[in-house]
Amino acid sequence: MKEKYKKLMYPFEFLEDVSKNLGIEKHSLRNYFMTGKFPKIHYEYINNALDARLKADEEVRNIRLNCYVKL
């Protein structure tokens, strides 16, 4: 998951959104990614949120690319 996290367009927004939903501090969530140690209770949610954000980031990149191609 650490490699997926590095691919995010806006990693700090991701940390903020996920930490609010899980009820944990942003720095705790960031430490999970830095150490690669995720609590079992949060692992599935974080992984799913990360996959969803990566998919959204890819769609945003494609939209931006198409806008510049049309110019």
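Reader: Which residues in H3 meet which ones in H4?

Author: In this predicted model, Leu29, Tyr32 and Phe33 in H3 meet His42, Ile46 and Leu50 in H4, where contact means heavy atoms within 4.5 Å and helices are DSSP runs (H or I, at least four residues) numbered from the N terminus. Local features need pLDDT of at least 70, side-chain atom pairs count only at pLDDT 80 or more, and totals for chains, interfaces and linings use all residues. Residues are numbered from 1 along each chain as its sequence is written, and side-chain values use heavy atoms, with hydrogens and water left out.

Reader: At roughly what angle do the axes of H3 and H4 cross?

Author: The axes of H3 (residues 26-35) and H4 (residues 40-70) cross at roughly 85° and come within 13 Å, the axes being lines fitted to C-alpha atoms over the stretch in contact, with angles from 0 to 180 degrees between N-to-C directions. That makes H3 roughly perpendicular to H4, a label for angles of 65 to 115 degrees.

Reader: Switching to H4, which of its residues are buried?

Author: Those buried in H4 are His42, Ile46, Asn47, Ala49, Leu50, Arg53, Leu54 and Asp57, buried meaning under 20% relative accessible area with a 1.4 Å probe, protein chains only.

Reader: And what do the buried residues of H4 pack against?

Author: They pack against helix H1 (2-6), H2 and H3.

Reader: What is valine 18 in contact with?

Author: Leaving aside neighbours within four places in sequence, valine 18 is in contact with Leu29, Tyr45, Ile46 and Ala49.

Definitions and conventions:
Helix = DSSP H or I, 4+ residues; strand = E, 2+ residues; numbered from the N terminus. Parallel < 35°, antiparallel > 145°, perpendicular 65-115°, else oblique. Buried < 20%, exposed > 50% of the residue type's maximum accessible area, 1.4 Å probe, protein only.
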